[in-house]
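Hi,

Here is the structure I said I'd pass along.

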Amino acid sequence: MKIGRTFAVGVFVFLMAVTPLSALIAPGEFEIRFRPDGPRNSWWEPADNGFTVRLLDRTGLARGLGVAPPRRGLPDPITNSGTDGRTLVVRWEGASCDDLTNLTLERAVGGFVIRERTHEGGCFMGTGAYHSVAIPLWAPVDASTVELESQD
């Protein structure tokens with residue numbers, strides 16, 4: 001009888017210890033939609049046409065996805081916001097008629113990679129809009145260890 005209770009308590013303690021760890025390393029999916037009358041996501045448009053950004057986090061580090069101020073040009077496509085390194089700001093060039101961008105955050109040798117794939121809405125303007133999002137993180141990540149790859 002004592003062995004059964006000890007085993008049950010051991011299993012319970014093990015499950016309690018493993019659950020928070022699995023929550024931290026489990027991949028997550030996040031989405032943000034810029035409404036047509038919402039915040040500007042490109043420097044020259046009056047507003048976006050319902051542009052959506054989805055983040056697939058395969059590292060377990062992302063806590064969410066948010067709006068970042070748009071900025072002309074792309075001096076650094078990935079930067080840290082704030083001083084603690086717990087927010088990555090990702091900027092990429094797109095078009096005014098972009099419908100959807102999928103971002104995938106993965107571990108890579110020596111750091112991380114964010115793969116960007118944008119789907120256009122069938123317009124003739126190929127470039128000219130700059131999109132920006134913020135990715136809050138559970139742990140600090142130095143932006144210099146993160147590479148942005150655009151996939152066509």
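Let me start with isoleucine 135. Leaving out residues up to four places away in sequence, isoleucine 135 touches Leu55, Ala62, Gly64, Leu65, Arg86, Thr87, Leu88, Val90 and Ile114, where a contact is heavy atoms within 4.5 Å.

A quick caveat: this is a predicted model, with local features needing pLDDT of at least 70 and side-chain atom pairs counted only at pLDDT 80 or more, while totals for chains, interfaces and linings use all residues. Numbering runs from 1 along each chain as its sequence is written, and side-chain values use heavy atoms, with hydrogens and water left out.

Ile135 also shows up in the largest nonpolar core, which has 22 residues; Val53, Ile114, Val133 and Ile135 touch the most other members. (A core here is a set of buried Ala, Val, Leu, Ile, Met, Phe, Trp, Tyr and Cys residues joined through side-chain atoms within 4.5 Å.) Strands S1 (28-34), S2 (51-57), S5, S6 (98-108), S7 (111-120) and S8 (129-136) each give two or more residues to this core.

Thr87 sits in S5 (87-94). At 19% relative accessibility it counts as buried, since the cut-off is under 20% relative accessible area with a 1.4 Å probe, protein chains only (exposed is over 50%, partly exposed in between). Beyond its neighbours within four places in sequence, Thr87 contacts Thr79, Asn80, Ser81, Ala134, Ile135 and Pro136.

Overall, there are 1 helix and 9 strands, taken as DSSP runs numbered from the N terminus (helices H or I, at least four residues; strands E, at least two). Buried residues make up 39% of the 152.

Cheers
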